[in-house]
Amino acid sequence: MTKPDGQNLSKVEFIALMAMMFATIAFSIDAMLPALPAIAADIAPGGVAQAALVMTCFVIGMGAGTFVAGPLSDAWGRKPLVYLGLAIYALGAVLSWMAPTFELMIAARVLQGFGAAGPRVVSTAIIRDLYSGRNMASILSLTMMVFLLVPGVAPLIGQIVTEAAGWRAIFAVFLIFGLLLLIWFGVRIKETLPPAQRRPLRLALMGDAVRQMMANRTVRLSIMVQTLMLTILFSVLLMVQPIFEVTFGRVESFPLWFGAIALTSGISSLLNAAIVGRFGMRRLVTWALTAQVVVSTGFLLFLIADLPGVFVFYLAWQWGVMFQGGLTVANLNAIAMQPMGHIAGMAASVIGSISTVIAAALASPLGWLFDGTPLPLVAIVLVLCLVATLLMQLMRRAEEAAPPDPIAHDTP
């Protein structure tokens, strides 16, 4: 692989580094899953459902930070925002580690999520600075593939750390992760936004950038579908541990099952990177959603009929949901970012903040629908995929009505 323009590191290392910046989010959420019972027993009197706020509040903080990270990176450059974000992330990890009460820990997790938004948003902006069109979609897909490997090992790491040193020690692991990422990024990445291309931090310019995005129908629809996809992923994260514990009685082996599913479903991103140049981003998203509607409908009928072998079918279904993530999220990001290259930082912020905050707000109450079976989760996924499929049809019509974009449609 060739080097990215203006960078000394190889394309492989660049993808790995961007993936780790993405993975700050997944690692900080998924590593907490095995610790929820211990947190509930220690400082969360509301049980596991209340302890799960350590995940959703992190996401809310990340969504809030996402909105400011992009504009600041457009004004100050990409690297300073990564440094600032990782510093805040590390501070949040230390405060969470030391928090004497659940309420203070939740506040610290919001701060940690706020900081994690820096590397998450800026990594997308850096990719857009260096790539466009289907090349960008391919890079995002490869990044997503590595990113999806993290949920495969994060719960196992969380379980090992919790059993060896207690659940608070997980925050020490987050701190070490953030420091290592800061060193890697600082040493290996050159600034990708020259001073001449930076936009002053003015409310009028920020408002104009948001108006530009909202005026583009394809961008609006892409954000809406991405929000639904993230709602699915957050809902799975909220319900997966209770399903393994209550429904199937496999809480001890949960990290292994979850890890195996995450690791093997990551091939979807590799597949997407290989075929997106041939079929296009929108078409692959539509195909993935249609397939999920069919599979989830079949599994829902299976559950209603109360047939034997539910655990095996559940594993296959959850694998399909995570496989779908690799075929949708990166492509939807690329679709929305493509016409916004001149405001990449702001665009990454708006896309990330809107989709993440709304998805977290939708998924949080959905998590309380768990009734001891996978049925509510399957029904949620089915409904959200049906709505997303309809929105993708509207996107197809919008693209057909718009003049062709040679950058977006040329095969790399």
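A: Let's start with handedness: a crossing is called left-handed if the near helix is turned anticlockwise from the far one by less than a right angle, and right-handed if it is turned clockwise. Keep in mind that this is a predicted model.

Q: Which hand does the crossing of α5 and α6 have?
A: That crossing is left-handed.

Q: What else describes a packed pair, and what are the values for α5 and α6?
A: Two packed helices are described by the angle between their axes and the distance between the axes. Here helix α5 (residues 78-98) packs on helix α6 (residues 102-130) at about 155°, and the axes are 7 Å apart. Angles over 145 degrees count as roughly antiparallel, so α5 and α6 are roughly antiparallel to each other. As for what meets at their contact, the residues divide into 17 nonpolar, six polar and three charged.

Q: How do α11 and α14 pack?
A: Helix α11 (residues 254-265) and α14 have an angle of about 45° between them, with axes 9 Å apart. That makes the two helices oblique to each other. The crossing of α11 with α14 is right-handed.

Q: What span should helix α8 have, and what does the model show?
A: Count 1.5 Å a residue: the 20 residues of α8 (residues 169-188) should span 28 Å. The end C-alpha atoms of α8 are 29 Å apart, which agrees.

Q: Which residues of α8 are buried?
A: First the general idea: an α-helix has 3.6 residues a turn, so residues three or four places apart point the same way. Now look at α8, where the buried residues are A169, I170, F171, A172, F174, L175, F177, G178, L181 and F185.

Q: Is V378 buried or exposed?
A: Under 20% relative accessible area is the cut-off for buried. V378 has 0%, so V378 is buried. You'll find V378 in helix α16 (residues 375-401).

Q: And what about the cysteines C57 and C385, buried or exposed?
A: C57 is buried at 12% relative accessibility, and C385 is buried at 0%. The structure has zero disulfides.

Q: What is there to notice about the phi of D306?
A: Most residues other than glycine have a negative phi. D306 is not a glycine, yet its phi is positive, about 55°. D306 sits in the loop between α13 (281-304) and α14 (310-337). With a relative accessible area of 65%, D306 is exposed.

How values were computed. Residues numbered from 1 in each chain as written. Predicted model: local features only at pLDDT ≥ 70, side-chain atom pairs only at ≥ 80, totals over all residues. Heavy atoms only, no water. Helix = DSSP H or I, 4+ residues; strand = E, 2+ residues; numbered from the N terminus. Expected span 1.5 Å × (residues − 1). Buried < 20%, exposed > 50% of the residue type's maximum accessible area, 1.4 Å probe, protein only. Disulfide = S-S within 2.5 Å. Axes fitted to C-alpha atoms, helices over the stretch in contact; angles between N-to-C directions. Parallel < 35°, antiparallel > 145°, perpendicular 65-115°, else oblique. Nonpolar A, V, L, I, M, F, W, Y, C, P; charged D, E, K, R; others polar.
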